[in-house]
Amino acid sequence: GKMVICNGFLKVYDSTLAVVHNIYQYFSLNGSPSSNAYEAFATESTDIWIADGGNGLVKNSNLWDYWSFYPNGPRFAASFDLSVENSMLWAASSGVTSAWDPRFESNGVAYYINGEWNTIYPKDNAGNNVSDIIRVAVDPINSTRVYAGSWINGVVEFTNNQQSALYDTNNSSLVSLGVAD
């Protein structure tokens, strides 16, 4: 048998406890190398199964081929806020620390419509991911419009499940609290 140790990367040992493989990174949703392994185990064959914080359940075969399996659910483990309107559920992905400081997480916003979960990763005006989304609200008059409040980047507007605007200190009456400046 084999043993797998997760410590920022994966080390695979054989039955004599000799290291047979080091896996430092693999794919991610956006195609850049990633490794966010929480747990892993090796099968009797050459397969290694990895519980990854951003890529779901990852199957590694022959050290080169990777497949990712996701349950029908949000791509993040915790939700700070939920909003429901007309059988649509939206979830804010981030939160704050115990001192109400930002966590600098860019996990996006998830929504559940017609039995399917999807995640949107909104961008700021410079093309960077909006981080620390802590509030989400579906417009009760027009449920195709949803607002998500970021601790750092302002308020993101979604129309028909697509980002349609970002309101911040540059284009609205929002003011900075100076928390993440």
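Start by selecting V4, which stands opposite V12 in β2, where strands are DSSP E runs of at least two residues, numbered from the N terminus. The model is predicted, so local features need pLDDT of at least 70 and side-chain atom pairs count only at pLDDT 80 or more, while totals for chains, interfaces and linings use all residues. Residues are numbered from 1 along each chain as its sequence is written, and side-chain values use heavy atoms, with hydrogens and water left out.

Now turn to the aromatic pairs, of which the structure holds seven; rings of Phe, Tyr and Trp (its six-membered ring) pair if their centres lie within 6.5 Å, and planes under 30 degrees apart count as stacked, over 60 as edge-to-face and the rest as tilted. Select W49 and F69, whose ring centres are 5.8 Å apart with planes at 35°, so the pair is tilted. Because W49 lies in strand β5 (residues 48-52) and F69 in strand β7 (residues 65-69), the pair ties together parts that are 20 residues apart in sequence.

Finally, select K59, which lies over the face of W67 at 5.9 Å from the ring centre (the criterion being NZ of Lys or CZ of Arg within 6 Å of the ring centre and within 35 degrees of the ring normal).

Note on methods: Helices (H or I, at least four residues) and strands (E, at least two) are DSSP runs, numbered from the N terminus. Two strands pair if DSSP finds at least two bridges between them.
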